[in-house]
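Hello,

Here is the structure I promised to pass on. My notes follow below it.

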Amino acid sequence: METDYPLLNLFFTMLIFFMFFIWIWLLIVIFGDIFRSDDMGGWSKALWTIFIIIVPFLGVLIYLIARGGSMQRRRMADIAQAQEQQRQYIQNVAGSGDDPANQLQKLADLHKAGVLTDEEFAAQKAKVLS
């Protein structure tokens, strides 16, 4: 194997292999940015897509030069929105048991259901409000 395929050729093949995957990753990121972008209309998105498909290297370079800065801002805004949604979901699922309004609502529901008597309800209500 080593006489037919020298070490330098192996490194070159590995370089080509990794460059191919970097190219695919770059295309996925750019196409994702094109279709996720809110500041472009449908025709602009279609033209950028066609341009990148027809002239791939030049199209990608021009897209990165023209819209590269806004790619970062859009990505950071998406991340911030996802984090906020996750925070709201966690708070919703975990509930806020410390909130006096929630505790009073639960006490009122228990009182309405007949689980708590009037005296127990008044005592628990005073404890929550204190």
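From the N terminus on, the elements run α-α-α-α-α. That makes five helices and zero strands. Helices (H or I, at least four residues) and strands (E, at least two) are DSSP runs, numbered from the N terminus.

This is a predicted model: local features need pLDDT of at least 70, side-chain atom pairs count only at pLDDT 80 or more, and totals for chains, interfaces and linings use all residues. Residues are numbered from 1 along each chain as its sequence is written, and side-chain values use heavy atoms, with hydrogens and water left out.

Overall shape: the radius of gyration is 30 Å, whereas a compact globule of 130 residues would have one near 14 Å. That radius is taken over C-alpha atoms, and the globule rule is 2.2 Å times the number of residues to the power 0.38. The C-alpha trace spans about 90 × 50 × 25 Å along its principal axes.

Burial: 17% of the 130 residues count as buried. Buried means under 20% relative accessible area, exposed over 50%, partly exposed in between (1.4 Å probe, protein chains only).

Asp33 lies in helix α1 (residues 7–36). Asp33 counts as buried because its relative accessible area is 2%. Its side chain makes a polar contact of 2.4 Å with the side chain of Tyr63. A polar contact is a pair of N or O atoms within 3.5 Å; within protein, one must be able to donate a hydrogen and the other to accept it, and residues adjacent in sequence count only if both atoms are side-chain atoms.

Best wishes
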